Amino acid sequence: MGHEFELNDAAEVEATPEQLWEAIATGPGIDSWFMGRNEVSGGTGGVVRAAFGGYAPEFAITAWDPLERLVYGDESPDGRRLAYEFLIEGRAGGSTVIRCVTSGFLPGDDWEDEFEAMTTGGALFFRTLVEYVTHFAGRAAVPVTAYGPPVRNWPAAWNRLGRALGLSGPAALADRVVIAGSEGVVYAMNDQTVGIRTADAMYRFLRGFHGPMMAAHHLFTPGADPAAEEKSWSAWLGDVLI
């Protein structure tokens, strides 16, 4: 049967259109808020390439209007479609409105779980974009993707994560926490994700679509070694969740 969908996000941020364009239309910019490593061959007809967790999707750029609009997407042989549209609007006084429309089609009769993961994950990614241009604009992050052991009881897993952050239970929005030896604040939270901002990083935890808890962090510390960080965070998740 399948499911056609459209998700809309918008925010007004204290950043310039130039800073937002750098964040959404360059590889280092996307690395700093989305997932994994990214490359952009700019211009209409260009490509956005990503690599994370064994996946390497490619998205064709269908609209490229610098400082105003960017659209890219992909369609699979089975009918699956996914497209991202970003709209940038500068405002008087120096703020900018960023809008993101995520649309597409999920084939089959078992689309509900995938759609839920896409919705909760998309909310985290957009909020991370807002945090990035607000607090880290002009800085490039090292993306870190790591996986913990399979999770059978997600409420218990979120409770364990909260305790590892110095809380008495699961994390909530605006909670003050301690992570990797630094003080941080929970900037995003929903049923399947938690996002934490410190002075030099954004740490994110997601319910993996196939079972494990996933870490998708952005480290702004110069010289961070992604391979070593991924190994360390996989071990950390194992210690927390087992």
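Student: How many salt bridges does the structure hold?

Tutor: Side chains of opposite charge can pair when their charged atoms come close. In this predicted model, there are 11 salt bridges. One of them joins Arg81 to Glu4, with 2.2 Å between the closest N and O atoms. Arg81 belongs to strand β6 (residues 81-90) and Glu4 to strand β1 (residues 3-13), so the pair ties together parts that are 77 residues apart in sequence.

Student: Is Arg81 buried, exposed or partly exposed, and what is its relative accessible area?

Tutor: Arg81 has a relative accessible area of 29% and is partly exposed.

Student: Which residue does Glu114 meet in a salt bridge?

Tutor: Its partner is Arg80, at 2.7 Å from N to O. This pair also links distant parts of the chain, 34 residues apart: Glu114 sits in helix α3 (residues 111-135), while Arg80 sits in the loop between β5 (69-75) and β6. Glu114 is partly exposed, at 23% relative accessible area, and Arg80 is partly exposed, at 26%.

Student: Where do Arg127 and Glu131 lie?

Tutor: Both are in helix α3, four residues apart, which is about one turn of the helix. Arg127 is partly exposed, at 33% relative accessibility, whereas Glu131 is buried because its 5% falls under the 20% cut-off.

Definitions and conventions: Residues numbered from 1 in each chain as written. Predicted model: local features only at pLDDT ≥ 70, side-chain atom pairs only at ≥ 80, totals over all residues. Heavy atoms only, no water. Salt bridge = Lys/Arg side-chain N within 4 Å of Asp/Glu carboxyl O. Helix = DSSP H or I, 4+ residues; strand = E, 2+ residues; numbered from the N terminus. Buried < 20%, exposed > 50% of the residue type's maximum accessible area, 1.4 Å probe, protein only.
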